[in-house]
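Student: Can we go through this one together? I'd like to start with the annotation and then look at one helix.

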Amino acid sequence: MDGDRVEIDGGIMEGGGQILRVSTALSCLLGLPLRVRRIRAGRSQPGLRPQHLSGLEIVRDLCEGNLEGGEIGSTEITFTPGKIKGGTHIADTKTAGSVCLLMQVAMPCVLFAASPSELHFKGGTNAEMAPQIDYTVMVFKPIVEKFNFTFNCDIKKRGYYPQGGGEVIVRMSPVKELSPIDLTERGAVTKIYGRAFVAGALPIKLAKDMSAAAVRCIRKEIRDLYINIQTVREPDDQAFGTGSGIIIVAETSTGCLLAGSSLGRRGKNSDRVGIEAAEILLKNLKHGGAVDDSLQDQLIIFMALAKGVSRVKSGPVTLHTQTAIHFAEQLTKAKFTVTKSEEEDPSKDTYIIECQGMALEHEPVKK
C-alpha cells in the first residue's frame, strides 16, 4: 500500500496543526492513505499536542481507519482510512485544547457519513489560538450552512484555559453533495452585536468593562449604529473553571458576518480585552472583504468539496488560508485561484478566492 500513500510535509507554510486537520479530513473523505511527516516542525513544542491527537483519533474512529504514530510528541503519522460511518463519537482533549479545532477536522467527514452523527467534543470552548465557540455559533455556522447543510451545536458546558472541561455536542445529517457559495458582496453594516462574558470566580463588572471599552472604540469609527453587546456571567453549572472574553459581530445588508474577539487572562486589563476585539472587528470591516480573517481558511475545505465554482471576497489572504489551499489542491482535484480585486475605493484591500470544487458525492448506501 505504501506506494500509494500521499506524502504530506507538515513543516511547510503555516507549519502547524491546520495541515494535519485539512489533510486527515480529506484523506478520510477521499479514502486516500496518508503519511504526514515533520508535524508542527516549526513550533516551540513540535509534534502532536493532545488536541491534534484527539482530532486524529476521532477521524480514525469515524471511518474505522488505522492510525500509526498517534502519540503526544510524535512528528510522523500514517493514516489509512476506512468507510465513514455515522453514530455517536467522542473526542476529548483532556486539556484546554480547542473543541472548535476538533470540529474543524471532524465536520467535513461526517457530512459524507453513512448515517447521521452525534459528536461530543470535550476541551476548551473559549481558548487562545483558536476560534471561540461563540464565533463558531455566531459566524462560522450561519455562513458555512450556505454550502447547503445544517448542523446543531449544543454548548453543554464551557471550559477555559488551563483545565478545559468544556463540552459541545454537534449533531448533523449527511448530504448528497455540497453546493458552491458566492460571498462577494460585502454590503453595508446594518447591525453590531456581541457577547461579553465572565465565568467562575470573576465579577460581572469585568464583562461590563470589556463591553463598554469595545463600544467606545467602535464608536470612534461607526457613529450611527446601536451596538448591542450582552454582558453575561456563565451559570456555574454551565462552565468549568474561570474565564472571560468578548466577541463582537457586524452583520451587513447582504448577510455577511464579520467579527472580532478576545480573551481575558490574568494581568490583562479588561478594557484592553474589549479594545482588542473591537480593533480586530474594525480591521476586518476596513479591508472590505465579505468574510473576516478568521473565517477565510475555515471555508477552503468546503469550497474544495463543493460541486461547482465558489467565490469568496476576502481581505489579504492569510498564511493559514494559503496553507489550506495548498493541501486541498494536493489532495483533491479542486483548483483554486486568488486574484486581487479591483476596488473603486483605494483604502480597500480585497482578493477573490475562487475554487472549482471537486464535486464529492455521497456514495449511495448499499442496500
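Student: Which residues does the UniProt domain annotation cover?
Tutor: The unreviewed UniProt entry places "domain: RNA 3'-terminal phosphate cyclase" on residues 13–338. In this predicted model, that span is 33% helix and 27% strand, and its end C-alpha atoms lie 17 Å apart.

Student: Now helix H6. What should residues 270–286 span?
Tutor: At 1.5 Å a residue, the 17 residues of H6 should span 24 Å, and the end C-alpha atoms are 24 Å apart, so the two agree.

Student: Which residues of H6 are buried?
Tutor: Ser-270, Val-273, Gly-274, Ala-277, Ala-278, Leu-281, Leu-282, Asn-284 and Leu-285. Down the helix axis they fall within an arc of 165°, so they line one face of H6.

Student: Why would residues three or four places apart point the same way?
Tutor: Because an α-helix has 3.6 residues a turn.

Student: And what's exposed on the face turned away from the buried side of H6?
Tutor: Lys-283 and Lys-286.

Student: What do the buried residues of H6 pack against?
Tutor: Helix H5 (204–219) and strands E10 (189–199), E13 (243–252) and E14 (257–263).

Student: What about the start of H6?
Tutor: There, a side-chain oxygen of Asn-269 comes to within 2.6 Å of the backbone nitrogen of Asp-271. After H6 comes Gly-288, with a positive phi near 90°.

Student: Switching to strands: is E10 parallel or antiparallel to E13?
Tutor: Antiparallel, over 10 bridges. Val-198 stands opposite Ser-244 in E13.

Student: And how do E10 and E11 pair?
Tutor: E10 pairs with E11 (residues 227–233) in the parallel sense, over seven bridges. Phe-197 has Val-232 of E11 as its bridge partner.

Technical notes:
Residues are numbered from 1 along each chain as its sequence is written. This is a predicted model: local features need pLDDT of at least 70, side-chain atom pairs count only at pLDDT 80 or more; totals for chains, interfaces and linings use all residues. Side-chain values use heavy atoms; hydrogens and water are left out. Helices (H or I, at least four residues) and strands (E, at least two) are DSSP runs, numbered from the N terminus. The expected span of a helix is 1.5 Å times one less than its number of residues. Buried means under 20% relative accessible area, exposed over 50%, partly exposed in between (1.4 Å probe, protein chains only). The arc is that of the directions from the helix axis to the C-beta atoms. Contact means heavy atoms within 4.5 Å. A polar contact is a pair of N or O atoms within 3.5 Å; within protein, one must be able to donate a hydrogen and the other to accept it, and residues adjacent in sequence count only if both atoms are side-chain atoms. UniProt positions are given in the numbering used here, feature names are shortened, and annotations may be inferred rather than shown by experiment. Two strands pair if DSSP finds at least two bridges between them.
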